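The chain is shown first, and the points follow by topic.

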Amino acid sequence: LILNTKNLLHIEDGAFRNLPRLKYLSICNTGIRQFPDLTQIFSLEAHFILELCDNLRMTTIPQNAFQGMNNESLTLKLYKNGFEDIHSHAFNGTKLNQLILKDNKNLRWIHDDALRGATGPDVLDVSSTALESLPSYGLEAIQVLNATSSYSLKRLPPLDKFSSLLEAVLTYPSHCCAFRNLRTEKKNSLLSIFNNFSKECESTMRKPTNEIFYRDDSYKTSPWSAEKNVYPFATDEETSPYSYSAIFDYSEMTGFDFEYDFCQPKILTCTPEPDAFNPCEDILGYSFLRVLIWFINILAIAGNFTVLLVLITSHYKLTVPRFLMCNLSFADFCMGLYLLLIASVDAQTSGQYYNHAIDWQTGRGCSTAGFFTVFASELSVYTLTVITIERWHTITYAMQLDRKLRLRHAVPIMLGGWIFSVLIAVLPLLGVSSYMKVSICLPMDIETGLSQAYILLILVLNVVAFIVICVCYVKIYIAVQNPELVAANKDTKVAKRMAILIFTDFTCMAPISFFAISAAFKVPLITVTNSKILLVLFYPVNSCANPFLYAIFTKAFRRDFFLLMSKFGCCKTRAELYRMNYFSAYTSNCKNGSSATGPSKTSQALLFLSALEK
């Protein structure tokens, strides 16, 4: 034992020479800087144990560091040292039983060939290290793998490298998904072989009695026993081709190491098990969602980008409705970007998400996606509410021009919405809930009271916004429903248009809010897997529908669109037609306006009704 000698800075080569009866060597808590020469020990003892610990100045394990130390079973306890890397062939010439590398906080790299030339190890412990990957060679013999608190180890080698693995204690639950798949493959392979041998055994058991052979030579009637004394049911396993060892020894055939109790395989155990928030599946889970999300995000991005482009480049005066529509389109465009990001990562990691889960959920990608979706969702709901209130205000106070909403009023209102949306989206990045909880990067962490309050606040505000929108549209409908002013067919069209607007809002908000509120109270009514259906089919409904319901389907937008296209030499005839119609409507409006001191309630209602019908 060499213990607690901080002043020991160097051990000369050959210091440990020809020690055939040495069973245990411990060098701990010293000041040595270079790995000691252990290659001349030549111990003959079985189960030799080498312990190197708390040597903080020792940074490297060189090539052939243990060659010649012992030719029997070897346990290496190399923990709490200053190791930063382990070189190629470092364990060459050893028969490793256990290789303990835990608590080497600075150990970041093990060469892929570090275990080349070695037999084993059966047990590998790399817990509490800074390793980013395991060596690609020499993992086939490992039966127990311990990698707890190894937060930099985010990816595992190919699963076929762990052909003998029976127990894994890891840092991240997603990695156990990989071993769950491996366990299933082993089980299926074993069952297939077992079924084949079972059929052969059954056929042998059912042979006629005159074909059953005994040890008594007088009963030898089989050609099998003519050459050698071999009996199918002999008690001597070496003389029976159908002995249990012959029938059930599949390790060489399958490449997997199993113990059998009448062909029962060992169970590969892995902890920590995946939880309800991170099941063993790809980001989107279902194949049909993988197709739908591309269609939806392209529709949302293309539709909202077109609306933004047309409204921004229009040479007509920027009115309050145009300004609000620009904000709504930008919010819904951000939602499309979120869906595009989720769809792209899902396509890249399909089938192997377990190996990318940690990088994705703890990295900037998921944080960016989460910020986009929360910001877009809140700004969209806020803007929809403002647009609805503005429409209600316009028709309710049509006679009072001094109460008309101006652009100077709308700008600070929307500025408040932007500040609110940014603040809500930033909070999970500051520790209030988290975007890392699930693969779709929504703030589903409700472990703390503050996080739970944050989720409930968002949901309650969304429900209140939906109620405000519904109430305003009902009041608008009542205001314009005047049989003396509006024809019955127009009244029906207005009702249908309002119903569509409210239905899209309800479709988007109701399912999400209902299940999210129940989950916020820790009474989940839906799994994360099923919630992904809501994410794709309901969550982005507004983002896809808004540009069409509020802009693209209106005559004003079509006019601006064709006027923009005419600048590039396209659709000139349609653009000219829209110019003439606009000029005629403007002239007519001026003439009607000159006969009165101000617009009547009737004219305002008709104008608003016309806008709805567009």
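Gln 361 is buried, with a relative accessible area of 7%. The model in which this value was computed is a predicted one. Gln 361 belongs to helix α7, which covers residues 357–362.

**Surroundings of Gln 361**

- The side chain of Gln 361 makes a polar contact of 2.8 Å with the side chain of Tyr 353.
- A polar contact of 3.2 Å links the side chain of Gln 361 to that of Asn 278.
- With neighbours within four places in sequence left aside, the residues in contact with Gln 361 include Cys 366, Met 436, Lys 437, Val 438 and Ser 439.

**Salt bridges**

- The structure contains seven salt bridges.
- Helix α7 also holds Asp 359, which pairs with Arg 155 in the loop between β10 (144–146) and β11 (167–169), a link between distant parts of the chain, 204 residues apart.
- Asp 346 and Arg 290 form a salt bridge whose closest N and O atoms are 2.6 Å apart. This pair also links distant parts of the chain, with Asp 346 in helix α6 (residues 320–349) and Arg 290 in helix α5 (residues 287–313), 56 residues apart.
- Asp 346 is buried, with a relative accessible area of 0%.
- Arg 116 forms a salt bridge with Asp 113, with 3.0 Å between the closest N and O atoms. Arg 116 is partly exposed, with a relative accessible area of 33%.

**Strand pairing**

- Strand β2 (residues 24–30) has six of its seven residues buried, so the strand is largely enclosed by the rest of the structure.
- Strand β1 (residues 2–5) runs parallel to β2 and is joined to it by three bridges; Ile 2 has Ile 27 of β2 as its bridge partner.
- Strand β3 (residues 48–53) is also parallel to β2, with five bridges between them; here Leu 25 stands opposite Leu 50.
- Strands β4, β6 and β8 form an open sheet in the order β4-β6-β8, with parallel pairing. The edge strands are β4 (60–61) and β8 (109–110), each with a single partner strand, so one side of each has no neighbour in the sheet.
- Two bridges connect β6 (residues 85–86) with β8, and Ile 86 stands opposite Ile 110 of β8.

**Disulfides and other cysteines**

- The structure holds four disulfides. Numbered in sequence order, the bonded cysteines pair as 1-2, 3-5, 4-6, 7-8.
- Cys 28 and Cys 53 are joined with an S to S distance of 2.0 Å. The torsion about their S-S bond is about 115°, so this disulfide is right-handed. Cys 28 lies in β2 and Cys 53 in β3, so the pair ties together parts that are 25 residues apart in sequence. Both Cys 28 and Cys 53 are buried.
- Cys 176 is bonded to Cys 270, S to S 2.0 Å. With a torsion of about -80°, the disulfide of Cys 176 and Cys 270 is left-handed. Cys 176 is in helix α1 (residues 173–205) and Cys 270 in strand β12 (residues 269–271), so the pair ties together parts 94 residues apart in sequence. Cys 176 is buried at 3% relative accessible area, and Cys 270 is buried at 5%.
- Cys 177 and Cys 280 form a disulfide with sulfur atoms 2.1 Å apart, and their link is left-handed, at -85° about the S-S bond. Cys 177 lies in helix α1 and Cys 280 in the loop between β12 and α5, so parts 103 residues apart in sequence are tied together. Cys 177 counts as buried at 7% relative accessibility, whereas Cys 280 counts as partly exposed at 30%.
- Cys 472 is buried, with a relative accessible area of 8%. Cys 544 is buried too, at 11%.

**Annotated spans**

- The unreviewed UniProt entry annotates "transmembrane region" over several spans, including residues 291–312 and 533–553.
- Residues 291–312 are 100% helix and 0% strand, with end C-alpha atoms 32 Å apart.
- Residues 533–553 are 81% helix and 0% strand, with end C-alpha atoms 28 Å apart.

Terms used:
Residues numbered from 1 in each chain as written. Predicted model: local features only at pLDDT ≥ 70, side-chain atom pairs only at ≥ 80, totals over all residues. Heavy atoms only, no water. UniProt positions renumbered as here; feature names shortened; annotations may be inferred. Helix = DSSP H or I, 4+ residues; strand = E, 2+ residues; numbered from the N terminus. Pairing = 2+ DSSP bridges. Buried < 20%, exposed > 50% of the residue type's maximum accessible area, 1.4 Å probe, protein only. Polar contact = N/O pair within 3.5 Å; in protein donor to acceptor, adjacent residues only side chain to side chain. Contact = heavy atoms within 4.5 Å. Salt bridge = Lys/Arg side-chain N within 4 Å of Asp/Glu carboxyl O. Disulfide = S-S within 2.5 Å.
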